[in-house]
Amino acid sequence: MNLDSAYAAHQLFVAAHGQQHTLEVYLDYTCPFSAKLWRTLTSEVIPHIAEASLGVSIVFRHQVQPWHPTSTLLHEASLAVEKLNPLGFVPFSQALFEHQREYFDEANVEKTRTETYRQLADLAASINAIDDRQTMLQLLDIQPSAEARNAGNAVTNDLKYHIRLARAKAVHVSPTVAFDGVADDSGCYAIAIAIFSMGIIRDALYNQALNDQPTLSLLDNALVRLVAGLLFISGMIFVATSTYALGITGTFLGDYFGILMSERVTGFPFNVLENPMYVGSTMSFLGTALWHAKPAGLLITAYVWLVYWVALQLEGPFTAMIYANASKAKTEKQQSATVINKKKKKL
């Protein structure tokens, strides 16, 4: 993707013999993982690319994480620095990552937006990223108005540009890396392997724990075993068909990596249960406990469902937000394309 000339300072490295490939890094100044990637990028990756004369250019992209309130302010500050002194953008970004703990939620819970802006301007001035602290504050401060208009500051539109750019690329988390416009999905598959492997270990430990526990004679009969078998088989069907319907990336948190499904899955088993994978897994735990007539298994099953329930309270709203943002970005893109086409027709 081409880099807008207004944000030329975001190009962290330019290929020596003509640009052949582009590596885009979507980072958030308040994200510890982004800071780690930034350090690796600046201390190892860029020097290696320069030494080997590889045809790769590297571009910094803003990935604001709104659940950290100061994230927006830090990205605004970096854009303000670039407006005043493009050469100061990279050093200031470096300083933000080095001092990011000073801007974590707990460190700023009692600070106002204006106070944080002043702290950021002081940081920029301390490393000579800007010449005039007051000029930077003029770009950041919300200007008073007789009527509240929600107009933002002098870099609001710049920040909107970068947020829309990331949404259009379906980038929802930091850090995210795209090579020639293609996001790296390996993290999702790594998590899939980890979750699947830990699930096998969990099931083995569960069965071992049941073997070490006493049996309840009340549960040790043919009827209970029949119910147990039906629960286990039904649970496995729900789990297996859910995985088949969603695929690997849909099952193992692909949406957290920006790998979104084109539409909501409504076929079986999702037309029977809202969360068939969690319900199916719990049914399998319950069936196993009843088959072996182990009361301890019933307690473990209850604990498993509690864990799943807590996970659903967190996953549900977050996943809904991801898809809502993607849908909004898609609509905005379509509207922009419509406007462009209308202008072309007029010409």
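Q: Is Tyr29 buried or exposed?

A: Please keep in mind that this is a predicted model. A residue is called buried when its relative accessible area is under 20%, and because Tyr29 has a relative accessibility of 0%, Tyr29 counts as buried.

Q: How many aromatic pairs does the structure hold?

A: Two aromatic rings are taken as a pair if their centres lie within 6.5 Å, and the structure holds nine aromatic pairs. One of them joins Tyr29 and Phe97, with 5.2 Å from centre to centre and 50° between the planes, which makes this pair tilted.

Q: Which parts of the chain does the pair of Tyr29 and Phe97 tie together?

A: Tyr29 lies in the loop between strand E2 and helix H1, while Phe97 lies in helix H3, so the pair ties together parts that are 68 residues apart in sequence. Phe97 is also buried, since its relative accessible area is 5%.

Q: Are Phe238 and Phe268 buried, partly exposed or exposed?

A: Phe238, at 12% relative accessibility, counts as buried, whereas Phe268, at 42%, counts as partly exposed. The ring centres of Phe238 and Phe268 are 6.1 Å apart and their planes meet at 35°, so this pair is tilted. The pair links distant parts of the chain, with Phe238 in helix H8 and Phe268 in the loop between H8 and helix H9, 30 residues apart.

Terms used
Residues are numbered from 1 along each chain as its sequence is written. This is a predicted model: local features need pLDDT of at least 70, side-chain atom pairs count only at pLDDT 80 or more; totals for chains, interfaces and linings use all residues. Side-chain values use heavy atoms; hydrogens and water are left out. Rings of Phe, Tyr and Trp (its six-membered ring) pair if their centres lie within 6.5 Å; planes under 30 degrees apart count as stacked, over 60 as edge-to-face and the rest as tilted. Helices (H or I, at least four residues) and strands (E, at least two) are DSSP runs, numbered from the N terminus. Buried means under 20% relative accessible area, exposed over 50%, partly exposed in between (1.4 Å probe, protein chains only).
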